Amino acid sequence: MLLARLALGVAGAWVAYAWGAHLLTPACIWRGPGTRRRIALTFDDGPDRDFTPRVLELLAQQHARASFFLVGERAARAPETVRRIAGEGHEVASHAWSHRSLWFRGPQATEREVARAHEVLAELAGREPRHFRPPWGMVNVALFGALRRHGERLVFWSIQPEGLRPVAAERQVRHVLDRAQPGAIVNLHDAEGTPAAPERLLAALPAMLDGLTGAGYELTTVAELLD
Ligand SMILES: [Zn+2]
């Protein structure tokens, strides 16, 4: 009986810590102001030595800038790619250190996830990351304090053409173009994610960029979108 109560108590505390924190996410950033015809493309889960440079080339061809939410430990293994992202005028933002779900991380581990990524990204990019996207979109109560301490804001997205299931490149393009509106934040993946997500991204990106710029959108970083 005592054991059952104890288990219930632990489960209840975890529900409040992990699930309860999601009550706070509507107050986080999901889009920018709709006052200017701007959209921020955001690329999660990189850097990837093969795919990220190809994304950078496509962006450069369209004079587009974007935000890259990098996984700290991947960034540490591909420093030249991080420097190139920053050097080409894109925003380097944080996608935590290890990409493990924060749902199952206690306050100290959460702080380490934020702090280690912040440190390595600041060093490689030459400026401190200001924005954070939680791996898998999952948060916990401790995350909010950790982000405040490191000067990062929590950023989700308003358009997500591919989530946990693969979506064909042409459908992703249509999804984004149909929903595009001033201030939108688009969630894309230039590494890992769903199997073969980066390949589908590379197939979708030229038409996506053409469609958005053709519709008169300026493609910019989250930092600029929010300024
Ligand atoms: Zn991710």
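**A tour of the predicted chain in close-up**

**View 1. The outward side of helix 7 carries exposed residues.** On this side of helix 7, Glu170 and Asp178 are exposed (12 or fewer other C-beta atoms within 10 Å of their own, with C-beta atoms placed from the backbone). Welcome to a predicted model, where local features need pLDDT of at least 70, side-chain atom pairs count only at pLDDT 80 or more, and totals for chains, interfaces and linings use all residues. Residues are numbered from 1 along each chain as its sequence is written.

View 2. Helix 7 runs over residues 169-179, and here Ala169, Gln172, Val173 and Val176 are buried (20 or more other C-beta atoms within 10 Å). These four share one side of the helix because they cover an arc of only 100° around its axis, taken from the directions from the helix axis to the C-beta atoms. Strand 6 (185-189) and helix 8 (197-214) are among the elements covering them.

**View 3. Helix 1 is hardly covered.** One buried residue is the count among the 18 residues of helix 1. Helix 1 (residues 2-19) reaches 25 Å from its first C-alpha to its last, close to the 26 Å expected, which is 1.5 Å times one less than its number of residues.

**View 4. Stepping back, the chain has nine helices and seven strands.** Both are DSSP runs numbered from the N terminus: helices are H or I with at least four residues, strands E with at least two. Buried residues make up 42% of the 227 residues, and the C-alpha trace spans about 65 × 35 × 35 Å along its principal axes.

Definitions and conventions: Contact = placed C-beta atoms within 7 Å.
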